[in-house]
Amino acid sequence: MTDKEVAQGPQHKRDLTRRKVLVAGAGAVAAVGVGGTFAAGAFADEEQQGTGADTCYRLTSETTEGPYYIDADKLRQDITEDRKGIPLTLRIKVIDSETCKPVRNAAVDVWHCDALGIYSGYESLSTGGGGGTPPTGAPTGAPTDAPSGTPTGEPPSGAPTGGPGGGGGGGGGGHEEPTDDKRYLRGTWRTDKAGFVTFTTIFPGWYRGRCVHIHTKVHVGGTWTDAGYEGGHTCHTGQFFFAEEAVLAAAEVAPYSTSTTERTKLTEDTIYDQSGTQGGLLTLKYDKKNIARGVRASITVGVDPDSTHEGTQA
C-alpha cells in the first residue's frame, strides 16, 4: 500500500504523509524583490475586514496536480527569483467551507509557469511560448492551425496531452521527476490566524492547450518546525484562473508579447469548470490603462480539512 493510499483513510487512522519543506535560507521570511513594495499595502482593506463578515463559500473545485509538482520545496513568500514579468501579489484566504472559520497554520503551495510558459524543474519538458531561446530540447511553441486547446506534436512522456500544467483533455497525467534544479515561481507558506497567506510572484504566461493559471495545494494536520513543515495531509489540490480581460492586457506587455504560442481562452480550458470563484477564478485589481504596474489577485478557498485530495488521480 502506498503513502497516498494510506492517506485516503479516516483521519484518526491516517498515517502522516511524508512531507518536509526546507527553509530556503536568507529571504525566506519576507516578501521582497519584484513587486515587494507593491505587496506591502496591497490588501490592507482585506486585513481590516477580519473574518466576521465572510461569506461561507462552498467547497472550492478540486483538480489534478499535474505532472510538474515538486514537494519539499522552498519555504518562502516571494517566489519570483529572476523571472521577468508583470508583478503579481497573490492573497489567498483558506476557510473551512462548513464552519466558515479560517484555517490557521495550513501550508499552502503555489507553483506556475513563467511569462513564456516554462516550468522550473522541468525546463526541458515545458513546451514554452517562444519569444527567445527555448531550453534545450523544448519545442519552439510555434502556432498551428489546430483548434484552440488541442495540442500538436508528441507530448512529453507521462505528461497530459494539453501541455505541462495538469491535464489538457481533462486528464491528470503522471508525475514527472524534475529534470533540472531550478525552482523559480514555486513556494510554500503558512496561513495566519485569519487564514490568509500572501505570495509575491509574476503574472503567469501560457502554453499550448491551457489557459493562464496557477497551481495550489493546501496541507493541514502537520507541524511547523525550524526545518519547515512536516507530516499532515493534503486537503485541497486546485488551480487559480485569470479573467480574459486581464490576460489580453498582459499579452501586450513584454515578455508576454513575444510569445508565439496560440493561447487557450478561459472558456475553452479543459480544467476550469466555469463556476467562478468556486472553480478558482481570481478577483483581480490593476490599472486598466497600465497593467504593467502590477496586479493584485485574491481568492477565498473553501476546504474540508478532514478530507484528503492529493490531485494525483488521472
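**Rings, charges and cut-offs**

Modeller: Let's start with the rings: Tyr68, Tyr119, Tyr122 and Tyr207 make up one aromatic cluster. Keep in mind that this is a predicted model, where local features need pLDDT of at least 70, side-chain atom pairs count only at pLDDT 80 or more, and totals for chains, interfaces and linings use all residues. Residues are numbered from 1 along each chain as its sequence is written, and side-chain values use heavy atoms, with hydrogens and water left out.

Biologist: How many aromatic pairs does a search of the whole structure find?

Modeller: It finds 8.

Biologist: Why is the pair of Phe203 and Phe242 called tilted?

Modeller: Rings of Phe, Tyr and Trp (its six-membered ring) pair if their centres lie within 6.5 Å; planes under 30 degrees apart are stacked, over 60 edge-to-face, and the rest tilted. Phe203 and Phe242 have ring centres 4.7 Å apart and planes at 50°, so tilted it is. That pair links distant parts of the chain, 39 residues apart.

Biologist: And what makes Phe241 and Tyr272 a tilted pair?

Modeller: Their centres are 4.9 Å apart and their planes sit at 45°, so this pair is tilted too.

Biologist: Why does Phe241 count as buried?

Modeller: Buried means under 20% relative accessible area, exposed means over 50%, and partly exposed is in between (1.4 Å probe, protein chains only). Phe241 is at 0%, so it counts as buried. Tyr272, at 6%, is buried as well.

Biologist: What makes Lys182 and Glu123 a salt bridge?

Modeller: The term asks for a side-chain nitrogen of Lys or Arg within 4 Å of a carboxyl oxygen of Asp or Glu. For Lys182 and Glu123 the N to O distance is 3.7 Å, which meets that cut-off. The pair ties together parts that are 59 residues apart in sequence.

Biologist: Are those two partners buried or partly exposed?

Modeller: One of each: Lys182 is partly exposed at 37%, while Glu123 is buried at 15%.

Biologist: How do you know that Arg263 and Glu244 form a salt bridge?

Modeller: Their closest N and O atoms are 3.0 Å apart, inside the 4 Å limit. Arg263 is buried at 18%, whereas Glu244 is partly exposed at 21%.

Biologist: What does the charged end of Arg83 sit over?

Modeller: The ring of Tyr184, 3.8 Å from its centre. The label needs NZ of Lys or CZ of Arg within 6 Å of the ring centre and within 35 degrees of the ring normal. Arg83 also has a salt bridge with Asp82 (3.1 Å, N to O).

Conventions:
Helix = DSSP H or I, 4+ residues; strand = E, 2+ residues; numbered from the N terminus.
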